[in-house]
Amino acid sequence: MFSAVHRLTAASLLTILIPVLCWVLTVGMGRIPLWLPYISDLALVEPGASVFQIGMLVNALLYLSLLPHLHRLVPYVGGDVLFVLASLSMVVVGFYDWLNHPWPHYIGAVLVFGGFSTWALFATLRGHPSRWRIFLLVASGVLCVSLLILSLSFAEMPVSEADLHWEDRPWSMTIAASIEWLLVLALGLMGLSFRADLEDQALM
């Protein structure tokens with residue numbers, strides 16, 4: 001039986017593994033001449049683009065299927081709306097790339113990171129917070145602020161065809177890309193940290 005715990009585990013691991021697989025299919029096969037591109041860059045080149053779209057859709061559906069179980073952790077309509085919005089934004093990020101649809105893509109990315117992190121913060125404040133989850137929440141907050149500063153100060157998020165000149169990207173873009181990868185890693189690990197909460201529900 002594909003229980004809630006199994007679905008949460010799958011969704012959390014896919015959050016991390018989808019970009020890794022797309023990296024192998026693009027950078028690893030020489031289709032993008034950068035060792036550390038933005039995760040969003042991976043959705044521009046096939047076959048990584050198709051894998052990214054399908055993966056984000058499957059991941060969003062997995063997260064949405066968990067709402068009846070996770071509602072108990074944040075039993076408010078606002079919490080449900082936030083979780084659904086963050087989940088659906090994964091689809092937006094997957095199907096609207098930064099080159100052709102920069103605004104939907106970046107707004108969706110903000111809603112994914114901000115939505116899930118805010119929901120996790122509420123769930124942590126209401127429950128029995130673990131030091132590991134608190135560390136991930138703090139780390140995510142620091143990373144988000146750092147990425148925001150880089151974006152506003154150096155305009156380091158790619159938005160036009162000029163940013164497809166991979167070799168001409170400045171060092172600050174590599175830093176911003178590394179922050180994006182760390183944010184995705186933190187998001188996946190944060191999801192895994194709720195396994196114990198769902199296991200406790202199953203025993204009730």
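A cavity is a set of grid points where a 1.4 Å probe fits but cannot get out, and its lining residues have an atom within 4 Å of a point. In this predicted model, a search of the whole structure finds 2 cavities of 30 Å³ or more. The protein has 8 helices and 0 strands, and 47% of its 204 residues count as buried.

**Overall architecture**

- Along the sequence, the elements follow the pattern α-α-α-α-α-α-α-α.
- Among contacts between residues at least 6 apart in sequence, 72% join residues at least 24 apart.

**The largest cavity**

- The volume of the largest cavity is about 210 Å³.
- Its lining comprises 18 residues, and those nearest the centre of the cavity are Ile39, Met56, Val93, Phe113 and Val184.
- At least two lining residues come from each of H1 (4–26), H2, H4, H5 (102–126) and H7 (171–192).
- By residue class, the lining of the largest cavity consists of 13 nonpolar, 4 polar and 1 charged.

**The second largest cavity**

- The second largest cavity holds about 130 Å³ of space.
- The residues that line the second largest cavity are Leu8, Tyr63, Leu70, Phe83, Phe116, Trp119, Ala120, Leu187, Met190, Gly191 and Phe194.
- Two or more residues of this lining are given by each of H5 and H7.
- The lining of the second largest cavity divides into 10 nonpolar residues, 1 polar and no charged.

- The structure contains 6 aromatic pairs, counted where ring centres lie within 6.5 Å.
- Tyrosine 63 and phenylalanine 83 form an edge-to-face pair, because their ring centres are 6.3 Å apart and their planes stand at 75°, where an angle over 60 degrees is required.
- Tyrosine 63 belongs to helix H2 (residues 48–65) and phenylalanine 83 to helix H4 (residues 77–95), so this pair ties together parts that are 20 residues apart in sequence.
- Tyrosine 63 and phenylalanine 83 are both buried.
- Tryptophan 132 and phenylalanine 135 form a stacked aromatic pair, with 5.7 Å centre to centre and 20° between the planes.
- Tryptophan 132 and phenylalanine 135 are separated by about one helical turn, because they lie 3 residues apart in helix H6 (residues 131–154).
- Tryptophan 132 is partly exposed at a relative accessible area of 46%, and phenylalanine 135 is also partly exposed, at 49% relative accessibility.

**A charge over a ring**

- Arginine 133 places its charged end over the ring of phenylalanine 194, 3.7 Å from the ring centre.

**A cis peptide bond**

- Most peptide bonds are trans.
- Glutamate 46 and proline 47 are joined by a cis peptide bond, with omega at about 5°.
- Proline 47 is placed in the loop between H1 and H2.

Methods
Residues numbered from 1 in each chain as written. Predicted model: local features only at pLDDT ≥ 70, side-chain atom pairs only at ≥ 80, totals over all residues. Heavy atoms only, no water. Phe/Tyr/Trp six-rings, centres within 6.5 Å; stacked < 30°, edge-to-face > 60°. Helix = DSSP H or I, 4+ residues; strand = E, 2+ residues; numbered from the N terminus. Buried < 20%, exposed > 50% of the residue type's maximum accessible area, 1.4 Å probe, protein only. Lys NZ or Arg CZ within 6 Å of the ring centre and 35° of its normal. 1 Å grid on protein atoms, 1.4 Å probe; cavity = no way out; pocket = protein on both sides within 12 Å on 5 of 7 lines; lining within 4 Å. Points joined across faces, edges and corners; volume = space filled by probe spheres on them. Nonpolar A, V, L, I, M, F, W, Y, C, P; charged D, E, K, R; others polar. Contact = heavy atoms within 4.5 Å.
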